[in-house]
Amino acid sequence: MNGAAAPTRLQLAEPTAETLATVATVVQNVTMPRNDRQVEVCNPATGRVITTVPDYDPAQAVQAVATAAAAGPDWAARTPRQRADILRRWYDLIIEHAETIALLITREMGKPLPEARAEVVYGSDFVRWYAEETVRPAGNVREVPAGGATLLTRRAPVGLSVLITPWNFPLAMATRKIAPALAAGCPALIKPATLTPLTTYYVVGLARRAGVPDDLIQVVTTSDAAAFSTAVLSDSRVRKVSFTGSTGVGKVLLGHAAQNVLRSSMELGGDAPLIVFDDADLERAVNGAYAAKMRNGGQSCIAANRIFVQDGIADAFVEGLTEKMAAAVVGDGLADGVTLGPLIDDRAVSSMQRLVDDAVAKGAAVRTGGRAIEASGHFFEATVLDRLPSTAEIANTEIFGPVAAIQRFSTQAEVIARANATEYGLAGYVFTENLDRALNVADALQTGLVGINQGVPSNAAAPFGGMKQSGLGREGSAEGLDEYQEIRFYNVARRETH
Ligand code: NAD
């Protein structure tokens with residue numbers, strides 16, 4: 001396709017008064033403690049304040065450490081079945097309250113309501129998964145190679161876990177950490193992103209209703225994340241930190257963790273390559289690329305960040321993707337029919353505009369979109385950039401927005417080298433109908449996960465995590481439980497008896 005397609009609808013879709021009234025009630029019903037100092041939570045679709053949450057200072061955060069730590073031994077002493085039953089009740093309550101949670105997610109984070117509902121399905125499944133995993137056999141028996149002894153390996157909870165989550169998946173990032181911590185027998189202190197704390201308060205409330213002891217999970221919201229982590233991670237009662245967020249902040253937290261040699265799990269930034277070969281099924285590739293790019297408005301760590309398309313299929317692919325992107329309906333995520341909500345804040349919108357302008361100045365072609373939308377919220381058009389030069393800043397940065405940045409390539413070897421030329425290594429995507437090529441390229445990508453002919457690879461059974469500067473450790477699956485357990489062994493001397 002040559003010129004730009006029809007622009008994204010600039011008419012922003014608005015929710016009905018009835019929906020707004022329902023959501024206001026839902027927000028009012030989130031129970032959380034009051035505090036002398038409060039911090040505002042804003043609606044990214046309007047920029048207006050929704051409510052306030054406690055703004056805890058470091059001394060209060062340390063008090064929360066003490067409270068959670070004191071609740072730990074009793075929880076660790078419960079049988080696996082008791083913990084499993086409580087987790088399962090928590091899952092059931094989340095499903096019972098799915099619509100309320102989805103409304104909260106959309107209100108505080110902005111994603112369209114159908115996507116928020118999908119997050120409830122995805123996020124709750126971690127709770128169900130770990131309810132099931134809690135009672136699976138752990139530990140094993142090994143023979144000492146030289147004989148004369150038997151090794152018993154056992155698992156113990158790692159201890160008080162500090163969980164720090166980002167704003168982009170307010171439910172799933174919390175459940176992916178809290179559920180394995182509880183399953184393993186650990187107390188937890190969670191600090192949600194200050195931009196999106198309501199979902200966390202709500203689901204932790206449901207966990208208590210399900211039977212999780214009141215003190216066991218502490219929620220700490222604060223406007224000073226740096227002071228929080230300095231105080232909390234230096235407390236010797238803390239034994240683990242699990243963080244999801246940017247690589248820069250992850251490095252700061254690893255510095256703190258080093259002081260007390262904390263077990264550390266880091267889910268950090270991404271720069272996912274998505275590769276479409278000439279022998280791909282075009283429709284699958286377009287739909288997969290759209291999903292991998294546009295889920296969460298592009299604000300996902302596994303979003304297709306660099307789209308590489310082979311020369312023979314490139315024109316048809318660009319045309320197909322442009323058509324889908326141009327059809328995006330932008331607006332408040334609570335309005336019917338919206339497929340692209342606001343970005344999280346103004347900074348994100350300015351960053352999109354700067355990246356697009358730089359790419360165009362360096363020779364990229366805008367196929368659709370390309371502009372910030374005038375509104376009180378933070379909106380940017382669904383955008384396709386074609387023939388992106390590799391020198392453009394957008395080709396070398398985590399975009400985190402609805403801009404599909406397409407580069408072209410000619411050979412498999414060339415695209416593998418370009419795909420791996422990044423310090424990140426979280427996700428990659430390969431589209432081809434040739435099984436050998438799919439597996440060979442997946443093997444060659446330096447990423448923790450690869451979507452083959454599909455754009456939404458994560459679920460509760462998947463050991464999600466990154467290589468290189470995208471992180472340490474895995475979340476979800478049986479491996480996600482390992483992160484909250486110490487593996488110990490007993491060496492039992494054996495001698496003959498008669
Ligand atoms: P961020 O790093 O700015 O913030 C993440 C969390 O860390 C928030 O709760 C924030 O308040 C807190 N934080 C910030 N500075 C801190 C400090 N000094 N000490 C303690 N906590 C601190 O990231 P973000 O903008 O919220 O999220 C976007 C980033 O997260 C992207 O880079 C994205 O790729 C990454 N991410 C990664 C994954 C993954 O699983 N790998 C998942 C989602 C998001």
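Helices (H or I, at least four residues) and strands (E, at least two) are DSSP runs, numbered from the N terminus. This is a predicted model, in which local features need pLDDT of at least 70, side-chain atom pairs count only at pLDDT 80 or more, and totals for chains, interfaces and linings use all residues. Residues are numbered from 1 along each chain as its sequence is written, and side-chain values use heavy atoms, with hydrogens and water left out.

**View 1. The shell around the ligand.** The ligand is surrounded by 28 residues, each with a heavy atom within 4 Å of it. The closest are T165, S229, S246, L268 and E398. α8 gives the most to this shell, with three residues. At least two residues each come from α6 (172-184), α8 (225-233), β8 (238-244) and α9 (247-260).

View 2. A polar contact is a pair of N or O atoms within 3.5 Å. An oxygen atom of the ligand lies 2.6 Å from a polar side-chain atom of S246. A polar backbone atom of L268 is 2.8 Å from a nitrogen atom of the ligand. On its own the ligand has 840 Å² of accessible area (Shrake-Rupley method, 1.4 Å probe), and the protein covers 86% of that area.

**View 3. The start of the chain.** Over residues 1-9, pLDDT (the predictor's confidence in each residue, from 0 to 100) stays under 50. The model has 29 contacts (heavy atoms within 4.5 Å) beyond four places in sequence for residues 1-9. Where pLDDT is low, the predicted coordinates should not be read in detail. The mean pLDDT of the protein chain is 96.

Key: A polar contact is a pair of N or O atoms within 3.5 Å; within protein, one must be able to donate a hydrogen and the other to accept it, and residues adjacent in sequence count only if both atoms are side-chain atoms.
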